[in-house]
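Here are my notes after going through the model, one point at a time.

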Amino acid sequence: MGQFIQFAINGLMSGAIYALIAVGIVSVFKATKVVNFAHGYLIMFGAYFYFTFAVIIPGQEWAPAWLASWQPGWMVEMRQGLNMFSPLGAVLDWAANVPRIIFGLIGAVLCNALLGMLIERSLMRPLMGQSVFAMIMVTVGLISILSGAASLIWTADAAFVPHIAPNTPIRFEVFGTMVFLFGADIVNMIIALLIFGGIVAMVKFTKSGVAIRATAEDQSTAYSMGISVPKIFSRAWILASATGAVAGAILATRNGISPSLGLFGFSVLAIVLMGGLDSYVGCFIAAMSVGVLEAMTQWKLGGEWAEIVPYVAVLVVIIFRPHGLMGQKEVERI
Amino acid sequence: MINGNLKADYGADERVLNNRNKQLFVYGSMLLLAIFPFVAGDYAMLMACKMGILLIAVVGVNVLTGYTGLVSLGHGAFVAIGAYATVVFSNLFSGLPEGILPLIVIPLAVIVSALVGIIVGLPSLRVKGLYLAVATLAASFIVTFLIEQDLFAPWTGGVNGINTPTANLLGWELDTKREMYVLITVLALTTLLAAQNLFRTRVGRAFIAIRDRDYSAEILGISLLRYKLMSFAISAAYCGLSGALFAYFYARILPEQFELDLSLELVAALIVGGMGRTMGPVFGVFIVMMVPELIKIAMGAATGGSLELARYTGPVQEIVFGLLLVTFLLKEPLGINQITDRILRSANRWPFARG
């Protein structure tokens, strides 16, 4: 039972990150009716940007020393006489990294938002009003462009990336079994949930959120009501790539940086379809359940079977509910 | 001149090559293909064989995406199934005389592929467009994952791949690239002709009706269930044939050769060449295979063959591949076939109105 809880919690934590990635795909779909097949590769770029700003730039000679490792006097004092592996030590290790974590996150979000804007401007805008098939295929072409560009730019081997939060192990007992959690994972989950909730609230309550929903409802009517549809498109892409940057940074600290981060996007795409393309709630449910299912598969069948869980799940759901768990049924006119 | 297009009877009007320019083009290219193995170097032979194998698969994707309008991003999996079925059946029937083995194994591989195609096509009855694209993508991930599993490793070799047999047609051992070229070219031309003729039949017309509007097609009495699954089966069968040739052509096959990259290459070749046209796959495959080669040659010349810079070749090829797809979608969505159509039309009408 305790082990079950351990795996369930692990599943919920990775589910939260799936939800964070899914929010980017859903936002772009809601506003532009385009499903971004290359979202995983945007995330990969986010991870590499985080690596650049948090590891490469602080490591340069011209960078100020406090950026690489922040060691004010009081911290050095506190460090004196600490035991190895003490929780306070882990927090202090993290505190020394705070400047470069913040620098890295800001840099990653800004650069990725710029990249998203660039993609929208140069590739999506010219196709506005054309068939959706062409737009989706453009994102498929984007996969090759982005993955080629990433391996062209970042040739260095990706090294250690600083964790976003102190990585202290947390142990507690449930039903007589020990449950292990890592501090960083919990903070990652909280960040993911906060961003997810923030975006859902934004779409629901703010003026620009209403504009996005109106565009999703009917593009030409929204246009004639004075909503600048191109601006909405642009905003959706910026939003998606900025959240993608945060997700990329989190994934980089969890699994390391590698080109396979791009493939991660496909499993999230499966999750999004499973939840219903235009429903934040459905995607959240799908992300959490796939996260838990993956963890359970890992527990019962072994780690490698976990990687096809999202694909099997989406196939099963699509056969019974063609528009996903909570997706809106498309009305077709002949 | 357009006057050359005058037809005196229905028979002449219904011919595949219904004007002189088309005849000239097709018979001319067949002649070139026949001469090719006598003049080409080994590397050119290798490229030609690769193109032929890819072409058969792209023709398959064309049946599904171009003519029936069902988007698939997972056709690499059918090629994988064809290739692995060839190896598995060859090992299974190893008691039979070698000369007739491929004659049994290739059709079996094609049939297995078609059956899997029907299974993968099942979601197409419920979903279409984007959802179908993701469903096929998911199916292809599952297929390559299963091939890699230790569970099936005794038959598939798992992640390490498996050695493939040599084709032996009635005692003629096809152990060089030049001999394989003959088999591949003959089969590629046959599949092209078969695809062309498919769309002059009732079945092919039903596919086109489904592409244009599936509900309207259903109202006209076309069974969506039957024809969508048939389209999936035919398309997967072509890919299975391509996979069988793939297995015979290479000495060893690996699961990673059939992953997403292959599926994307198939779709990209189709879009670049022109969807829903017989010659589309031919042009598309030519461009998709030749452009990376040209980049390799150009990069080699520009960097003077230094190993330091050679590692940039792969990424540059990848970027150009993506740019090719994107550029065609933005500038010429109907593909190269549209360009050649324009040229042919003006040739037909010469010296009168152009365009």
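1. Start with α3 (residues 42–67) and α8 (residues 177–198) of chain B: their axes are 9 Å apart and the packing angle is about 25°. Anything under 35 degrees counts as roughly parallel, so that is the label for α3(B) and α8(B). Bear in mind that this is a predicted model. The crossing of α3(B) past α8(B) is left-handed.

2. Who makes that contact? On the α3(B) side the list includes Asp42(B), Met45(B), Leu46(B), Cys49(B), Ile53(B), Ile56(B) and Val63(B). Among the residues α8(B) brings are Lys177(B), Arg178(B), Met180(B), Tyr181(B), Ile184(B), Leu187(B) and Leu192(B). Sorted by class, the contact of α3(B) with α8(B) has 16 nonpolar, four polar and three charged residues.

3. Next, have a look at α4 (residues 75–92) and α11 of chain B. Their axes come within 7 Å and cross at roughly 50°, and the pair is therefore oblique. Here α4(B) passes α11(B) in a right-handed crossing. From α4(B), the contact residues include His75(B), Phe78(B), Gly82(B), Ala83(B) and Thr86(B); from α11(B), they include Ala236(B), Cys239(B), Gly240(B), Gly243(B), Phe246(B) and Tyr248(B). No charged residues take part in the contact of α4(B) with α11(B), which has 13 nonpolar and six polar ones.

4. One more helix pair in chain B: α12(B) and α13 (residues 280–303) pack at about 115°, with axes 7 Å apart. The crossing of α12(B) and α13(B) is right-handed. Glu265(B), Ala268(B), Leu270(B) and Gly273(B) are among the α12(B) residues involved, and Pro281(B), Phe283(B), Val285(B) and Ile287(B) are among those from α13(B). The class count for α12(B) with α13(B) is 10 nonpolar, three polar and one charged.

5. Now the nonpolar core. The largest one holds 204 residues, and those touching the most other members are Ala19(A), Ala22(A), Ala47(A), Tyr50(A), Ile271(A), Val314(A) and Val134(B). Which helix gives the most to this core? That is α11 (residues 224–249) of chain B, with 16 residues.

6. On to the interface. Contacts link 35 residues of chain A with 33 residues of chain B. On the chain A side, the elements giving two or more residues are α6 (132–153), α11 (261–275) and α13 (309–320). The largest share, 16 residues, comes from α6(A). That side of chain A divides into 28 nonpolar, five polar and two charged residues.

7. Two loop residues are worth a click. Lys33(A) sits between α1 (2–32) and α2 (39–56) of chain A, and has a positive phi of about 65° despite not being a glycine. Is Lys33(A) buried or partly exposed? It counts as partly exposed, because it has 16 C-beta neighbours inside 10 Å.

8. The other is Leu254(B), in the loop between β4 (252–253) and α12 (260–273) of chain B. Leu254(B) is partly exposed, with 16 other C-beta atoms within 10 Å. Its C-alpha atom is separated by 9.5 Å from that of Tyr84(B), 170 residues apart along the chain.

How values were computed. Residues are numbered from 1 along each chain as its sequence is written. Chains are lettered from A and ligands numbered from 1 in the order in which they are written. This is a predicted model: local features need pLDDT of at least 70, side-chain atom pairs count only at pLDDT 80 or more; totals for chains, interfaces and linings use all residues. Two residues are in contact if their C-beta atoms, placed from the backbone, lie within 7 Å. Helices (H or I, at least four residues) and strands (E, at least two) are DSSP runs, numbered from the N terminus. Ala, Val, Leu, Ile, Met, Phe, Trp, Tyr, Cys and Pro count as nonpolar, Asp, Glu, Lys and Arg as charged, and the others, Gly among them, as polar. A nonpolar core is a set of buried Ala, Val, Leu, Ile, Met, Phe, Trp, Tyr and Cys residues joined through C-beta atoms within 7 Å. A residue is buried if 20 or more other C-beta atoms lie within 10 Å of its own, exposed if 12 or fewer, and partly exposed in between; C-beta atoms are placed from the backbone. Axes are lines fitted to C-alpha atoms, for helices over the stretch in contact, and angles run from 0 to 180 degrees between N-to-C directions. Angles under 35 degrees count as roughly parallel, over 145 as roughly antiparallel, 65 to 115 as roughly perpendicular and the rest as oblique. A crossing is left-handed if the near helix is turned anticlockwise from the far one by less than a right angle, and right-handed if clockwise.
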